Amino acid sequence: MATIEEIINGFKKAVVDGDEEAAAKWAKEGVDAKVDAYDLVTKHGGVAMTAVNQKYERKEFFVPEVLCSANALNAGVDILSPHMRSDKTSEPATVVLAVVEGDIHDIGKNLVRIMLSAAGFRVVDLGKDVSNAAIIEKAKEAKADVIGMSALMSTTMPRMKAVIEGLQQAGIRNKVKVIVGGGPVTKEWALSIGADDRPHDASAAVGATKELVAKLRADKANDW
Ligand code: B1M
């Protein structure tokens, strides 16, 4: 059986190489060796994606290679996600989740869904490249407690602000909490656009959601 170090390095190399089969193999070895599934994806897979990004910036990689790496990471996520543990919530609630319009980077959002679902939240995942109107409509329809939005590009971040303004215009901003995340989204910017929190990763999204749901319930604000 491979050592933990071999598994981690094998997984990282498979992601950088864009080798789905190898990523799946190392992910399975990780499960057998009881490597922390969340860490293998976010910490070590994250290091691999940073290396991919550096190659992209040095023009050693182009979009097709980056896509292969993303697919390899996703192959690992498929195998590892049932093994990701999250502290159960005592306040079940509904979260509407989306990657904002114009943005198709969905690996981080998918991790947020996996961790929130594992914690016991009902997650309505609208996918990627979702219009502002669709997010607001689904939040109303699902009587959402929390809206979670992800953006990976500086060009798509402003959509988050537009959604919050849309909630205000519809008179429902007080009924729902909003969390935002993704590489370029800072805490300061998130608070400046009126979001309630900006968890830095998928695991932190669970804690933030729990806290915000508890506040909503205490204020009896989400009486749709
Ligand atoms: Co592109 N891409 N990409 N890309 N891509 C970035 C984001 C970029 C920074 C690369 C670069 O230029 N250095 C850059 C954006 C620059 C900017 O605006 N600042 C970029 C660009 C420019 C583009 C294209 C325009 C390239 C082109 O076509 N010329 C194009 C745009 C397409 C579009 O969206 N319209 C494009 C395309 C792609 C691929 C399709 C090839 C692929 C995405 C595949 C997929 O997602 N299914 C891709 C990838 C893989 C990347 C990088 C290399 C890696 C992103 C990733 O998956 N990271 C990325 C470089 C980088 O991020 N450094 C890059 C791993 C993932 C686990 O992390 O998503 O950050 P992340 O999620 C984290 C946290 O951010 C957080 O939790 C997660 C960890 O637990 N989080 C949340 C995320 N969402 C959250 C929500 C929350 C809470 C936490 O609450 C709701």
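1. A polar contact here is a pair of N or O atoms within 3.5 Å; within protein, one must be able to donate a hydrogen and the other to accept it, and residues adjacent in sequence count only if both atoms are side-chain atoms. By that rule, a backbone N or O atom of Ser154 lies 3.0 Å from an oxygen atom of the ligand.

2. The model is predicted: local features need pLDDT of at least 70, side-chain atom pairs count only at pLDDT 80 or more, and totals for chains, interfaces and linings use all residues. Numbering runs from 1 along each chain as its sequence is written, and side-chain values use heavy atoms, with hydrogens and water left out.

3. The side chain of Glu57 places an N or O atom 2.8 Å from a nitrogen atom of the ligand. For Gly102, a backbone N or O atom is 2.9 Å from a ligand nitrogen.

4. His105 (NE2) is the single protein donor to the ligand's cobalt atom, 2.2 Å away; donors are N, O and S atoms within 2.8 Å of the metal (3.2 Å for Na, K and Ca), and sites may look incomplete without water. His105 sits in the loop between strand S1 (94-99) and H5.

5. The shell has 33 residues, each with a heavy atom within 4 Å of the ligand. Asn53, Ile104, His105, Asp106 and Ser150 are the closest. H3 gives the most, six residues; helices (H or I, at least four residues) and strands (E, at least two) are DSSP runs, numbered from the N terminus.

6. Domain 1 (4-83) and domain 2 (94-223) both contribute shell residues, so the ligand lies between them. These bounds come from an automatic or database domain assignment.
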